[in-house]
Amino acid sequence: MSNDHAMRVVHVLEEFGPFLLGRPIGARIRERFFAGSESEWPDEIDFTGVKQATESCLDEVFGVLARRVGAARVLKLRTVATGEVRDALDYVFGLIREPPGVPSKADIERILGRRSQGKRRRRAAG
Amino acid sequence: MVDILCKPPSTLRFGSLPGLLASLPKSPLSGNSKVTVDLKSLRWIEALPLAVLAALVRAHQANGGTGFIQVPPRYEFLQRMNLFKVIGSKLPEKFRREPEEGRFVPLREVRPGQEVQEAAMEIVNTLKVDDEDSAMVLRHCVGELVDNVGVHAMAKTPAIICAQHFPNAKRTQVAIVDAGIGFRKSFQASAVYQSLGLSDRDALKLGVAPYVTSKPIVSGDPYASGYGRLGVGLFIVSEILLRVGGKLLLASGEATLRRTPAGQRWRVVSPWQGAVVGFEVPDSPLMSYRDATAEARRLAKERRNV
């Protein structure tokens, strides 16, 4: 008995066209190729011929899968792409490797340019 | 029935939004009211203010009110942009419709889901955008922004979208306007933000910050994926637009933010219930789409690590 199996390759262009914009089409891609169990997932997702893919679309495919089954399994997937689509994939896979955390209250206060109560008190005391 | 008459300025450009909002009744309007928008002295109107007027009347109608537009002597452009069709008003059409190609994309309602892709493609295809980078920027921005409306707006009526190409100014203007809950209420729906006492301006600031999302995790929500969102789409759109020499205008509640390569400007305006998003893309971008996107993503990562 062999553990070898034929590599399963899916071609995105054929079914979804050259422009992948927004989350709805990402959800359709995910449902089309990754609806089954992990053992049934394709090994390679070929984006050859796809000209543009937004972060939100690719996050809806790969980010959602990573949040569902864990980053390690998704990072094993092979993707074939060039140009802007390669850039977008690298960006989204980078976020899967190092997910941005949910901003804390202090982060939000910093974004809003507000000084936290603690800092104000310390400054007043110092 | 309460009669409300509003008279917007006679010249309505992209940057005229504060003046336009100041001339409109404060929303939400009572369903027991009749709104008349007096455009009799209108001389010039661009896509963004046109979409705002259409969204105002549509939202008011959805609340059970009635809305009318008083037209200027020559109203062919308004008619050609489907203003009367969108608000359900019938006016005789006394001209031959010239093709839209290369000039404008008339007002239409856009719903979330499949229409994200469709709306983005329609604008680029109809306007026959020659420059590939300009086309990529337009597709990217429309795709991300229409997507946001679907997730955040929670509006009774679909968003309104339209676009216009200005051959002399060599730019394309796109408007996406909804009469939903707006940025502040969208953030306040999440427990993380409830105790922060956000103003409308705070909410816009958070909206254009990287990796900040108003969407809480909602299990089983098929559209929002049920696993939260990145919260980076509007940030990247905004940064791409600045780098290619474009403009972005956001309005929600009583705050507006205008970003151009020359800087950004906040203004307090008459409140708009929902969100107004307008942007312009030059026919010849200052930077390629690929480089602009790479810089925007790099900046997002840097800000994350601050």
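Let me start with one residue: Val50(A) counts as buried because it has 22 C-beta neighbours inside 10 Å. Buried here means 20 or more other C-beta atoms within 10 Å of a residue's own, exposed means 12 or fewer, and partly exposed lies in between, with C-beta atoms placed from the backbone.

Before going on, the basis. This is a predicted model, in which local features need pLDDT of at least 70 and side-chain atom pairs count only at pLDDT 80 or more, while totals for chains, interfaces and linings use all residues. Residues are numbered from 1 along each chain as its sequence is written, and chains are lettered from A and ligands numbered from 1 in the order in which they are written.

Back to Val50(A). This residue sits in the loop between S3 and strand S4 (52-53) of chain A. Helices (H or I, at least four residues) and strands (E, at least two) are DSSP runs, numbered from the N terminus. What does Val50(A) contact, leaving aside its neighbours within four places in sequence? The list is Val12(A), Leu13(A), Pro18(A), Leu20(A), Ala81(A) and Val85(A), where contact means that the C-beta atoms, placed from the backbone, lie within 7 Å.

Now chain A as a whole. The chain has seven helices and five strands, and from the N terminus on the elements run β-α-β-α-β-β-α-α-β-α-α-α. Of its 126 residues, 33% count as buried. Take the contacts in chain A between residues at least 6 apart in sequence: 81% of them join residues at least 24 apart.

Three of the strands make an open sheet in the order S1-S3-S5, with parallel pairing. Two strands count as paired if DSSP finds at least two bridges between them. Strand S1 (9-11) and strand S5 (78-80) of chain A are the edges, each pairing on one side only. From one strand to the next, the twist averages 20 degrees. Strand S3 (residues 44-46) of chain A is joined to S5(A) by three bridges, and Asp46(A) has Val80(A) as its bridge partner.

On to chain B, and its strands. Strand S8 (residues 171-178) and strand S10 (residues 263-282) of chain B run antiparallel, joined by eight bridges. Here Val177(B) stands opposite Val276(B). S10(B) also pairs with strand S9 (residues 247-260) of chain B, in the antiparallel sense, over 13 bridges. In that pair Leu250(B) faces Val277(B), and a hairpin of two residues connects S9(B) to S10(B).

Two helices of chain B deserve a slide. In H10(B), 12 of the 12 residues are buried, so the helix is largely enclosed by the rest of the structure. Among them are Phe235(B), Glu239(B) and Arg243(B). Just after H10(B), Gly245(B) has a positive phi of about 90 degrees.

H9(B) is the other one: eight of its eight residues are buried, so H9(B) too is largely enclosed by the rest of the structure. Asp200(B), Arg201(B), Asp202(B) and Lys205(B) are included in that set. The buried residues pack against helix H6 (105-111) of chain A, and in chain B against helix H7 (182-188), H10, S9 and S10.

That leads to the contact between the chains. How many residues does each chain give? Chain B gives 33 and chain A gives 28. On the chain B side, the elements giving two or more residues are helix H5 (115-127), helix H6 (132-152), helix H9 (200-207), helix H10 (233-244) and helix H11 (289-304). The largest share, seven residues, comes from H6(B). By class, that side has 17 nonpolar, eight polar and eight charged residues. Ala, Val, Leu, Ile, Met, Phe, Trp, Tyr, Cys and Pro count as nonpolar, Asp, Glu, Lys and Arg as charged, and the others, Gly among them, as polar.

Helix H5 (residues 83-97) of chain A packs with H11(B) at an angle of about 10 degrees, the axes being 10 Å apart. Axes are lines fitted to C-alpha atoms, for helices over the stretch in contact, and angles run from 0 to 180 degrees between N-to-C directions. The two helices are therefore roughly parallel to each other; angles under 35 degrees count as roughly parallel, over 145 as roughly antiparallel, 65 to 115 as roughly perpendicular and the rest as oblique. Gly83(A), Glu84(A), Asp87(A) and Tyr91(A) meet Tyr289(B), Arg290(B), Thr293(B), Ala294(B) and Arg297(B).

Terms used: Two residues are in contact if their C-beta atoms, placed from the backbone, lie within 7 Å.
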